[in-house]
Number of protein chains: 2
Amino acid sequence: MNFEETTLSSEVILQGIIFRVDRLGVRLNDGSTSTRDILRHAGGVGVLARSPSGSFLLVRQFRKAVESEIIEIVAGMRDPGETAEDAGRRELMEETGYQATSMLHLGRCFASPGYTDEVVELYFAETTPLPGDLQLDHDERVIVEEFTPEELDRRIRENEIPDSKTIAAWFFAQSKGLL
Amino acid sequence: MNFEETTLSSEVILQGIIFRVDRLGVRLNDGSTSTRDILRHAGGVGVLARSPSGSFLLVRQFRKAVESEIIEIVAGMRDPGETAEDAGRRELMEETGYQATSMLHLGRCFASPGYTDEVVELYFAETTPLPGDLQLDHDERVIVEEFTPEELDRRIRENEIPDSKTIAAWFFAQSKGLL
């Protein structure tokens, strides 16, 4: 069965700061039509970073969208023309002050495919500290938190880190025998 | 350290079909200000459904946002006033024709906390088939796919099912010894 929806029309209904929203008219497989609002995102990257001591480096930050301070793996958006891996290396340095000595692609996941095209590319990085200060965006406030593998595993399993990309990265790292 | 961002102003900049976008002016902890575009979502639910035979019931559908047909756990949005568990039971019946005989809360995850307030509540359901036809929305096309636990595990590990809520639900089910 072919469920593909043919695009009949497309209109930008919001040009936001970090995303755009398009309204698409679509034709379904029975010939009927519908409307889909779709958020267009530059693509995300998430990095599960291990320090030379074997601990994991995550970041704590206040996320206005969910009105709370949460812990996540290092993450960010791709700059125009930047590969996902390069974005991951850059975000790692900016947010933690560590440099990747290796980057292994763990997998990818859609953030919420019902309404956003965001794909998060997930990496596992071995790292080494860089001298110097963090280079955060002017409106970015993050602090690095270190966890032993056992502590991070416990926190993720007990749902104390309820972030989907972090859970997915941990699952893939475990599945690949990296932990 | 307190990273909380105080809301200075809030304006609806898009009233979409299934979500709204607000533009917030915020004050950071050093007194400087910034702007955040935030997508407001009714909240999602995801159900990892097991049939009486021990197979798992997932759904295949075309997702216009990512322009592809993908396999996901049963999922949907909460109706106004509906609990997450009730939404999960309803979506399960609508999309698969199976009824939940038990619903265990697995955990929750943020879809993409940088820009959306969407929280997905995840459940593990034991199910039994209902007589009668599926009750899909007029513009919804899904087909049910059954997987043995081994096959589903392989597909998720090999990243053939790159959906974050599906990966998270599988991780939690495994972690709780349900598989």
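Biologist: How many bridges join strand 1 of chain A to strand 2 of chain A, and do the two run parallel or antiparallel?

Modeller: Strands of a sheet pair through backbone hydrogen bonds, either parallel or antiparallel. In this predicted model, which needs pLDDT of at least 70 for local features and 80 or more for side-chain atom pairs, while totals for chains, interfaces and linings use all residues, strand 1 and strand 2 (residues 20–27) of chain A run antiparallel and are joined by eight bridges. Strands here are DSSP runs of E with at least two residues, helices are runs of H or I with at least four, both numbered from the N terminus, and two strands pair if DSSP finds at least two bridges between them. Residues are numbered from 1 along each chain as its sequence is written, and chains are lettered from A and ligands numbered from 1 in the order in which they are written.

Biologist: Which residue in strand 2 of chain A does Val12(A) stand opposite?

Modeller: Val12(A) stands opposite Asp22(A).

Biologist: In what order do the three strands of the open sheet in chain A lie?

Modeller: The order is 1-2-3, with antiparallel pairing. Strand 1 (6–15) and strand 3 (33–40) of chain A each have a single partner strand and stand at the edges, so one side of each has no neighbour in the sheet.

Biologist: How many residues of chain B are in contact with chain A?

Modeller: Two residues are in contact if their C-beta atoms, placed from the backbone, lie within 7 Å; here 54 residues of chain B are in contact with 54 residues of chain A. Among the elements that give two or more residues to the chain B side are strand 1 (6–15) and helix 3 (164–175) of chain B.
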